Amino acid sequence: MSDRSPLPPVRLASEPELARDALATPLLSRAARLARWTGDGRRVDADGLLTEEQLSAAAGVLGLSGNDAAARTREAWRIAVDTGLVGITGEEAGTAAAGAGLGLLTGGSPHDVLAMWLTALKAVLADASVPGGEDPAGEPAEGAVGLPAPGRDLEAGAEFLDEVLAGLYLLTVGEGGSGGGPVPLPVLAASVVVPDGMGEPTDDVLRQVSEAMMRLDERFRLLEPVGLVAYRPVDEELMTDAEEEPSTPVDEADVARYGMVRLTPLGLYGLRARLLETGHEAPVVGDLADKGADALLDGTAAFPPAAAHAETEQWLARREPLVAARELLAAARGTDPGAPLRRLRCQQALSLVGVEAEPALRDVLDDAELGGLARVWLTERGLDDVPAPSQEMIFWLTIDTVAAQLAAEGDSEELHALVKGLAEQHGGFFAAAWRVRHPQTADVLEAMGRLHPDRRIAKEARKAAFKARSAQGG
């Protein structure tokens, strides 16, 4: 994922829960069993690998059989060595023995266990990044997007897998995403293959999506034993037809046959750790709970509504309602470009606070920046003696609200409806609005002129914006 903008915050399970999940993963539990089997010492070859005879015995210890038993045993052995569950000594002919990691796995902290699991994950991801099991002479289609041909540009293969996993993370934690439910493999493949803004995909792009699906099927089969994903593979019958004609499955009844993948709670933890390593901002719900109201309002400014709500709930849970309300109101003040969105987040946070906060809201009734939202809060709760706002305050609050919506959502459908409604409800809106002493009055009126569908009203808004900018000396 090349975009470095902050990702939506993720809800993570507790470290003890995640550590239990890590211990239960097939790959790490096999590696631990091999470490115990190794005990005080077993002879290995110069590369620290098991001999064929030992490999057969180790497979028996793991209860593995079949054509892939040897491969899965080798993988478990390598993970045991990489994580320190097994240590190798000697040069020409080595000796393997249970390592210090085994004690950490059985008697260490949850953090120790997770650190070991992350090491295992890194090794498995390195394997999954290498194209394999395909024709070495295969050439990618001209202009193809996705995994490279086997043996060619392995770095590009790693980047593609990272992009896919980052996309799966975003589909899981993003607003309107899967929320932890399974994602159809075609959807995931298309999200990284189909160019942004493309309408109907071409046959060539559909072919690339199909090819990417088949390669991702192999990768997710490799990643499931380490506990990163829960995966339902592509139906074998479909794989035999993959090269016959390009198609993107759209039948919802059959979509599961094309593969379904979801990140496990452990997978969310692991991918977030990798995203942080590569410089992404990947917050966790609750990160702001111990920080001040200014950090909360600024930090949640770019969050989707549901994420901002969850973060704010945790912040409020640690404070008395009246104290929290006063902190929020103080942090919401300002004339800087981010102030309107802070006030919107403040208003949303205060909607979660009970009537115990009433004194804090009454204290700001005469405040030019906060008096409007205070009146709204008090009125919504049916409280008595709420003074009517002045026309100046109404217009100021309106400009502030539109500025906040512009910052939060851009040209959204909700903002289009708000702009249209304002002009319809107030016949002389623009004649009065340009006089509002708000630092973003001109910007808001220009936006209204751009967004309103009626040309006459849009022209009025642009004229009002010109007057506002002239009055501000800009």
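This is a predicted model: local features need pLDDT of at least 70, side-chain atom pairs count only at pLDDT 80 or more; totals for chains, interfaces and linings use all residues.
Residues are numbered from 1 along each chain as its sequence is written, and side-chain values use heavy atoms, leaving out hydrogens and water.

**The chain overall**
- You'll find 22 helices and 6 strands here (DSSP runs: H or I of at least four residues for helices, E of at least two for strands).
- Of the 474 residues, 44% are buried (under 20% relative accessible area, 1.4 Å probe, protein chains only).
- Take the contacts (heavy atoms within 4.5 Å) between residues at least 6 apart in sequence: 67% join residues at least 24 apart.

**Helices H14 and H15**
- H14 (residues 321-332) packs on H15 (residues 339-350) at about 165 degrees, with the axes 9 Å apart (axes are lines fitted to C-alpha atoms over the stretch in contact, and angles run from 0 to 180 degrees between N-to-C directions).
- That angle makes the pair roughly antiparallel (over 145 degrees).
- Residues making the contact include Leu328 and Leu329 of H14 and Arg342, Arg343 and Cys346 of H15.

**Asp385**
- Asp385 sits in the loop between H17 (371-380) and H18 (391-409).
- Its phi is near 55 degrees, a positive value in a non-glycine residue.
- Asp385 counts as exposed because its relative accessibility is 70% (the cut-off is over 50%).

Methods: Angles under 35 degrees count as roughly parallel, over 145 as roughly antiparallel, 65 to 115 as roughly perpendicular and the rest as oblique.
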